[in-house]
Amino acid sequence: MSDESTVVCPGSYDPVTNGHLDIIKRAANTFDRVVVGVANNPVRKSGTLFSGEERRGFIEEATADLPNVEVQVFAELLVEFARRNEATAVVKGLRAISDFEYEFEMAQLNRLLAPEIESIYIIASPNYSFLSSTGVKEMATFGGDVSELVPAAVAKALAERLGKG
Ligand code: PNS
């Protein structure tokens, strides 16, 4: 194993929000290399609004100023993705107690599959603790202003795909 600390930040990112980006930036400040993993077939979710490549593109553009961040689409077990990238940990954001139950289960399943890979949680900044991709999509569907919640390119893409013209 190299001396570099590599972690993966996995998610559906459909689409990426400023809350996700806050977690990715904070992970990039803490670890040598951050591989953002865009899940292309999350088991528990129905179809995504944006394709894997679109979701990857939004994150790549928004993290272009972070040299130790790279973005990959993955369609395999998260722990396999982490191993392939020689990551020692999975880093995710935790917004509220409501996230805990799901994340607890995921962390335990991942530990069972790969005990050598640690699960690390970064507590969301208070100004993003309410923010979710689902909420943003719902707002955009009804013409709400999401420009403070997502990168500009994402706001534009949401308006094009979900807006009423
Ligand atoms: O942003 P999300 O929707 O909370 O991300 C969920 C994600 C992508 C991290 C999770 O669905 C995942 O890890 N998918 C890959 C398949 C896997 O390894 N599942 C967990 C063990 S069964």
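Modeller: Three aromatic pairs are found when the whole structure is searched; rings of Phe, Tyr and Trp (for Trp, its six-membered ring) are paired if their centres lie within 6.5 Å, and a pair is stacked with planes under 30 degrees apart, edge-to-face over 60 and tilted for the rest. One of them joins Phe50 and Phe58, whose ring centres are 5.2 Å apart with 90° between the planes, an edge-to-face arrangement. In another, Phe74 and Phe81 are stacked, because their planes meet at 20°, with 4.5 Å between the ring centres.

This is a predicted model: local features require pLDDT of at least 70 and side-chain atom pairs pLDDT 80 or more, while totals for chains, interfaces and linings use all residues. Residues are numbered from 1 along each chain as its sequence is written, and side-chain values use heavy atoms, leaving out hydrogens and water.

The members of both pairs are buried, a term for under 20% relative accessible area, with exposed meaning over 50% and partly exposed in between (1.4 Å probe, protein chains only). The relative accessible area is 1% for Phe50 and 13% for Phe58. For Phe74 the value is 6%, and for Phe81 it is 0%.

Phe100, by contrast, is partly exposed, at 44%. This residue belongs to helix α4, helices being DSSP runs of H or I with at least four residues and strands runs of E with at least two, numbered from the N terminus. Helix α4 covers residues 97-113 and also holds Gln108, which is partly exposed at 35%.

The strands complete the picture. An open sheet is built from five strands in the order β3-β2-β1-β4-β5, with parallel pairing; two strands pair if DSSP finds at least two bridges between them. Strands β3 (69-74) and β5 (118-123) are the edges: each has a single partner strand, so one side of each lacks a neighbour in the sheet. Strand β2 (residues 33-39) runs parallel to β3 and is joined to it by six bridges. Val36, for instance, has Val71 in β3 as its bridge partner. In general, strands of a sheet pair through backbone hydrogen bonds, either parallel or antiparallel.
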